[in-house]
Amino acid sequence: MLTVAQALSLLAASVSPAGVEEVPLERAAGRVLAKEVRSDVDWPPFDTSAMDGYAVRVADAVAGRELPERDGLVGAGSAPPPPLSAGEAVRVMTGAPLPSGTEAIVPVERSARAAGSVRFEITPKAGAHVRRRGESVRAGAALLSAGRRLRPGDVALAALAGREPVEVFRAPRVTVAVTGDEIVRGAGAPGPGRLRDSNGPMLLAECAALGWTALRGPAVPDTPADVARLFAVAGEAEDFLITTGGVSAGDLDLLPPAAAAAGFDILFHRVAMQPGKPIAVGRRGRVWWIGLPGNPVSAAVGFHVFAREALARFEGETEPAAPRVTSLLTRAVLPSAERDRFLDAALDASESVLRVEPLRSSGSHDLAAHGRANALIHVPAGSSRLPEGAAVSCLLLSR
Ligand code: AMP
Ligand code: MG
């Protein structure tokens, strides 16, 4: 049986991006950049004023002294004005191109105007309220690396660099199918021995929260023919088929042999983790199968530890794993023997130190505990008992 780390490195070596497409800038946030963005302009693009005020030379602008004011004003969008003469003040607005020779701006609020002249209340420091060309970004500078999932601030940088449209990696297409004779869909009352599907809606929501479009696949009964049909058509509409159930060692756990019979290479089946040990991952050509266990918390943990990372790798993201933080335990955690454990946990970021509470859970079916979790504490295999206050690595769940 593979360790979590071994299974993740197998995935890292096997999943690669499928292709590149162009999107308009307004739809680029959340997508993964496929090509580095370099600036073709300086930013700011010219020396400019940060305030409405007067452009001056520092030696001229002494508090209380009257200076002649040049006729007219320079606004944002004005043509670059003639250079500043010695002893002169030029009225400029925020964003205006500055006359060359400007050493400082005196804000209008600190000035008193008379006919053709102006007097300042202050003696400005060199550079006051002046934004120099290129002080933020130099033409040619690398702004964004390929493989970065774009945030709104990144979109602003792509816009300043004139990237429209933007080249991004193709996003994975996902189908979520649930298996099990006991599963019923929708709000109707489940009959005796049956239960409502919670895995399907949860996994569709996880994908949506991370920006991936996922389709609701079939609810598949535990018969060889139904399971065989699921794998036969896999790949027609999706890059990833995510299933739940049917991967453990029970008589009705039909999926791994059926996937193999349908031509899937099984990369791994079972990983030394708790919950989520029965997870299976396979590939046939360009289509991936991620077989999560049926227990809801196992399915969630398998999603966050493996599926999420596989999907993000497919999308070319250079940091594909769920984000992690280090945090201090609010109560002790038992030792882990042979398996990595992932515990539903409530992370509290409201104080100066991050603290995390391992939630009391009655097991991998405890959806109520998982529903209160915003993080998973990762307790590596072989750890001894971790006392209250110990620092632990926590994986952040989707919001
Ligand atoms: P399995 O992995 O198929 O052996 O299922 C393990 C447990 O998870 C069983 O108790 C199932 O009833 C439960 N389970 C399976 N699929 C779902 C589902 N879609 N929603 C909620 N519980 C499920
Ligand atoms: Mg089952």
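Start by selecting Pro 275, which sits in the loop between strand S19 (273–274) and strand S20 (280–284); helices (H or I, at least four residues) and strands (E, at least two) are DSSP runs, numbered from the N terminus. The peptide bond from Gln 274 to Pro 275 is cis, with omega near -5 degrees. Before you go on, note that this is a predicted model, in which local features need pLDDT of at least 70, side-chain atom pairs count only at pLDDT 80 or more, and totals for chains, interfaces and linings use all residues. Residues are numbered from 1 along each chain as its sequence is written, and side-chain values use heavy atoms, with hydrogens and water left out.

Next, go to Pro 165, in the loop between helix H2 (152–160) and strand S12 (166–169). Here a cis peptide bond joins Glu 164 and Pro 165, with omega about 0 degrees.

Now colour the chain by domain, using bounds from an automatic or database domain assignment: domain 1 (4–17 + 171–314), domain 2 (20–38 + 145–169), domain 3 (48–131) and domain 4 (324–396). Show domain 1 and domain 4, whose centres, taken over C-alpha atoms, are 25 Å apart. Their contact (heavy atoms within 4.5 Å) takes 17 residues from domain 1 and 15 residues from domain 4. About 1300 Å² is buried between them, and carbon and sulfur atoms give 65% of that area; buried area is the accessible area (1.4 Å probe) that two parts lose on being put together, summed over both.

Which elements give two or more residues to the side of domain 1 that touches domain 4? Select strand S19 and helix H6 (296–314). H6 gives the most, with eight residues.

For a look at charge, select Arg 31 and Glu 21, whose side chains meet in a salt bridge at 2.8 Å, N to O. The term means a side-chain nitrogen of Lys or Arg within 4 Å of a carboxyl oxygen of Asp or Glu. The whole structure has 18 salt bridges, while the count between domain 1 and domain 4 is zero.

Then select Phe 231, in helix H4 (residues 224–233), and Trp 289, in strand S21 (residues 287–292). These two form an edge-to-face aromatic pair, 5.1 Å centre to centre with 85 degrees between the planes. Rings of Phe, Tyr and Trp (its six-membered ring) pair if their centres lie within 6.5 Å; planes under 30 degrees apart count as stacked, over 60 as edge-to-face and the rest as tilted.

Finish at His 129, which has a positive phi of about 60 degrees although it is not a glycine.

Definitions and conventions: Chains lettered and ligands numbered in written order.
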